[in-house]
Amino acid sequence: MSCSLHTYQNEVDVAKGKHSITSNWDDWKWQLANCVKTIDQFERVMNIKFNHQEREKIELTVRKFPLSITPYYLSLIDRFSYQNDPIFRQAFPSPEELEVVSHDMVDPLAEDRDNPASTITHRYPDRVLFLVTKTCSMYCRHCTRKRKVGDQESFFQKSEILEGIEYIKRTRSVRDVLLSGGDPFMLSDSRLDWILTQLRKIQHVQIIRIGTRVPVVLPYRITVKLVRLLKKHHPLWINTHFNHPREFTASSCQALERLANAGIPLGNQTVLLAGVNDCPRIMKVLVHKLVANRVRPYYIYQCDLSEGLNHFRTPIGKGIEIIESLQGHTSGLAVPTYVVDAPAGGGKIPLNPNYLLSLSSDRVVLRNYEGVITTYQEPSNYKSKCCEPKFAECMRHNELSHGANESFIGIEKLLSKHNRDISLTPSNNFHLH
Ligand SMILES: *Cc1c(COP(=O)(O)O)cnc(C)c1O
Ligand code: SF4
């Protein structure tokens, strides 16, 4: 079904033709040991020859941002037309990565600032990002953490991981922990098991999420043994990172099937990339393949302002156009949320086409995906239920004692009836001084 025969044959073809030890092809450790890390290796395996000038520029790029491609992912590249190949573009360095433009930032999301421990980014009140490794099986050219991924000292010390666990333990507001990196599945089974076990011992941690690109670039890492281990730590959610329909193969589909069969809800985060998936038709096929493999499209990210990504960036209008072509046109289940991760640590901001055209005191004018303009009559006798003055009673009545929060933040606070603030003002506002 979703698995393209062509790519699968190509995969086997490379396995047989270029690497003599075919029996190890689906051994993830063999894949890691045989990652293509130099331009020479790439030329040899792919039977491609760059000219002298091209090569010099690529060398320079690799010196700044290292190269690593799993043989599996490499096998998905169309050798006969690689220049505009979406797989090639995600995996192989482009000299354009060296073009630094004025608004590029080393750490656009200020992840190093919201940093109570070396492995933790704590931006939102109830959830943290926990970086458990700096390595990945493949270095994606569009990686927002280019500055970190591929570091010399790629594994964190156990003490640094412990520091993160200790922070989560003493921060009771954290109910959701996202393991990220690097790729958490680059850790050994036993290290992963240890981290998950430690986190599970913490009462206030309700869910654990793992962000991984392994199903896309190294699907053989999803072994029966790994899945058995993960199952012990429910409720566990996994978000993966498919960017293009051609990344679906028999191998990646099997990895997803194993995870889904283990009862792990799967989501996907796609990065909108020029020359890879900046097209409503490609995105539609991508989201359809995701849901067919029991993966819920979660986010489409606008490409960050990290250094070396300028050539991958699209205007925001492209993202809106893509959502316009999905919403209403296909299953709501297949429509992700388009987000911009705001520079300087502002967090994710969802963007949508406008469906709300106008409103009066009792009527709302809306439009649908086909352009039909319609109205919604507001109720005439609605009285907003307001329990804030008797919060304790309401908490008891609705059984909210574990989870409801009495304090409101930001715009939510402006909307609350029992809050006296009528505006939010930047701290350095001139006229207030
Ligand atoms: C993306 C992100 C999260 C998780 O955000 P969700 O919208 O809950 O998926 C948490 N912390 C940081 C720092 C993030 O960048
Ligand atoms: S898998 Fe994720 S963290 Fe690793 S290089 Fe790719 S985008 Fe970056």
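Helices (H or I, at least four residues) and strands (E, at least two) are DSSP runs, numbered from the N terminus. By that count, this predicted model has 15 helices and 12 strands, and Arg 294 sits in the loop between α12 and β7. Residues are numbered from 1 along each chain as its sequence is written, while chains are lettered from A and ligands numbered from 1 in the order in which they are written. Local features need pLDDT of at least 70, side-chain atom pairs count only at pLDDT 80 or more, and totals for chains, interfaces and linings use all residues; side-chain values use heavy atoms, with hydrogens and water left out.

**Overall build**
- Along the principal axes, the C-alpha atoms fill a box of roughly 75 × 50 × 50 Å.
- Of the 433 residues, 49% count as buried (under 20% relative accessible area; exposed is over 50% and partly exposed is in between, with a 1.4 Å probe and protein chains only).
- Take the contacts (heavy atoms within 4.5 Å) with a separation of 6 or more: residues 24 or more positions apart account for 74% of them.

**Domains**
- The assignment (automatic or from a database) gives domain 1 (8–97), domain 2 (120–351), domain 3 (354–382) and domain 4 (383–433).
- Taken over C-alpha atoms, the centres of domain 2 and domain 3 are 36 Å apart.

**The loop between α12 and β7**
- This loop, between α12 (280–292) and β7 (295–301), also holds Asn 293, which is buried because its relative accessible area is 7%.
- Arg 294 has a positive phi of about 65 degrees, though it is not a glycine, and its 45% relative accessibility makes it partly exposed.

**Other backbone spots to look at**
- Asn 47 is not a glycine either, yet has a positive phi of about 60 degrees; you'll find it in the loop between α3 (39–46) and α4 (52–64), exposed at 65% relative accessible area.
- The peptide bond from Gly 181 to Gly 182 is cis, with omega near 25 degrees, and Gly 182 lies in the loop between β3 (176–180) and α8 (189–200).
- Another cis bond runs from His 234 to Pro 235, with omega near -5 degrees; Pro 235 is in the loop between α10 (224–231) and β5 (236–240).
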